Amino acid sequence: MGRQPPWASGPFPNTANTGPSPLSPRSWPPPVPHLRPTLCVCGRPPIPGSLLSFSSAAGTSAVPSRSVTGVVKAAVPAGWSPPDGTRGAAGEKEAQQADQVVWTTRLCLPNILSFAALEPPVVRMAAPKPISRLVSHVILDLDGTLLNTDSVVSKVVKPFLVKNGKTWDSKKAHKLVGKTPYEAATVVLEDYGLPYSTEEFLSMITPMFSEQWCNIKPLPGASRLIKHLKSNGVPTALASNSPRSNVEAKISCQQGWKDCFSTVVGGDEVEKGKPSPDIFLEAAKRMNTTPSNCLVIEDSLPGVTAGKAAEMCVIAVPSIPKKTAEFSSADEVINSLLDIRPEKWGLPPFNDWIEGTLPIEPWFIGGPVIKGFGRGSKVLGIPTANLPAENFSDVVSEHTSGVYFGWAGLSTRGIYKMVMSIGWNPYFDNREKTVEPWLLHNFGEDFYGEELRLAIVGYIRPEANFPSLESLIERIHEDGRIAEKALDLPMYAKYKDSPYLRDPLQHGSTIDGSQTEVNSK
Ligand code: ADP
Ligand code: RBF
Ligand code: MG
């Protein structure tokens, strides 16, 4: 131990020195109050007598996981009373060591690992892979990880196809996501039967891409992450397969980005690009550190392979939906940069989460309420007023899937609190990315066809799969409670006055001030 992370003298404590080994019992509980864990167990309490197996990393990799297996008499915290009135047995020890234990369907605070209980009698808590290495340096990929490069693909390829007498099919666009330019070019040529070699096609299309560089948008959470690392003094490199000049041109379009990187390594500066480890090894060298101190964040499979070949820790943020399984060699797979928990890696935690929610730059969508899959009310007892996603496919593809919340305006009724999922509903494994807003109000009737406007102001969690329909329903209700409460915070409450929500209302003749008041469940 004794390795001093660069921020050790700063506001973040040097937790690496709390014991002879991060796994040592002596390092638990950590001496620093804000790193003391909360054990947060999401889901219903397990049935007494069932087997409980969980790992209690409880919030920070500075205190890596220990596993506890035991028979639960009742789990756990002091003061919590299981239905049969017994008190905690196994698990109590955990409860004492943590600052608090929340056995709850309510609040899963950020920086806290949450555990999903499976069906009794065997209750297995799904814990993340124990993280046994702390890092001090971060290496980021650019295209597909920090920048939504895929969004400019249609802008370039569409007019090219038109010129060649073909029609762009947006349904085929997903096939290009995450591919290298060469691979993507090959797919386009095949799909549309164009009479060019891949090299010819690339030479025609590459200059058109260059023109679009400043139209590429950062991916959700990208600016937040690199600015957080910069402001906490964590050395951060950019390592891309693209030539260095392209990388520099792209990041110079993004305000404040250039200063966030201590070095930039381009594909033309090493012998072999990813999946070879060369780019990452060069980045570590330039930061004067060893590979074992580095955390790589990557969206593509070649990038993850390269990071592991460099013997670095790797977080995968796959750009291609539903392909998580392919990234099993990564140390962690997350859905988007919004889900990064730097403290799991011994890096300074984000401090912008508030009451289980992450404020985001608000975005606005709306349209007539259409028929969905017909299972919201029927299967889940939770109606979701579906919007025609094709009307705003750009906005929807720009935002990562996940559970969000905000305000909903209904043309003839008023403004309501709202919680929604956007994505493929992993439990149902949908083919299309849908927007599923649940208005937190009991209407007692349908309102198909009415104009619905949404202001989406915060993020709660990634979409997830669940071991049972019950646990999905329970989690959605939990999301509802989180949204309901958070929307009263001034930072979120102010958006209920967004003109966008009220616009359609102003055209309605029967609406007066009282009817446009905020309603909630
Ligand atoms: P669908 O699959 O057609 O969307 P749902 O079972 O999800 O069917 O029901 C959604 C419909 O229920 C909405 O389109 C709307 O007309 C109605 N509805 C009633 N109450 C609500 C609510 N609180 N939130 C969302 N939709 C509601
Ligand atoms: N579906 C999932 O498969 N996984 C989820 O994590 C999930 N979270 C949701 C959260 C909220 C707040 C809402 C309203 C819906 C969520 N759904 C999720 C979608 C739900 O499965 C969907 O509304 C129904 O399938 C109806 O089409
Ligand atoms: Mg619905």
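Where is the place of Asn288? I looked this up first in the predicted model. Asn288 sits in the loop between H7 and strand E10 (294-298).

**Asn288, backbone and exposure.** I checked phi and got a value near 55 degrees, which is positive in a residue other than glycine. Buried or exposed, I wondered about Asn288? I have Asn288 down as exposed because its relative accessibility is 74%, and the cut-off for exposed is over 50%.

**Asn425, another positive phi.** Asn425 is not a glycine either, yet its phi is positive at about 45 degrees. I found Asn425 in the loop between strand E15 (414-423) and strand E16 (434-439). Its relative accessible area is 11%, so I noted Asn425 as buried; the limit for that label is under 20%.

Which residues does the cis peptide bond join? I traced it to Lys274 and Pro275, with omega at about 15 degrees. Pro275 lies in the loop between strand E9 (263-265) and helix H7 (278-286).

**Magnesium ion (ligand 3).** What coordinates the magnesium ion? I listed Thr384 through O and OG1, plus Asn386 through OD1, at 2.2 to 2.3 Å. Then I looked up accessibility for both residues. Thr384 comes out at 22% relative accessibility, so I put it down as partly exposed. Asn386 has a relative accessible area of 6%, so I put Asn386 down as buried.

Note on methods. Residues numbered from 1 in each chain as written. Chains lettered and ligands numbered in written order. Predicted model: local features only at pLDDT ≥ 70, side-chain atom pairs only at ≥ 80, totals over all residues. Heavy atoms only, no water. Donors = N, O, S within 2.8 Å, 3.2 Å for Na, K, Ca; no water. Buried < 20%, exposed > 50% of the residue type's maximum accessible area, 1.4 Å probe, protein only. Helix = DSSP H or I, 4+ residues; strand = E, 2+ residues; numbered from the N terminus.
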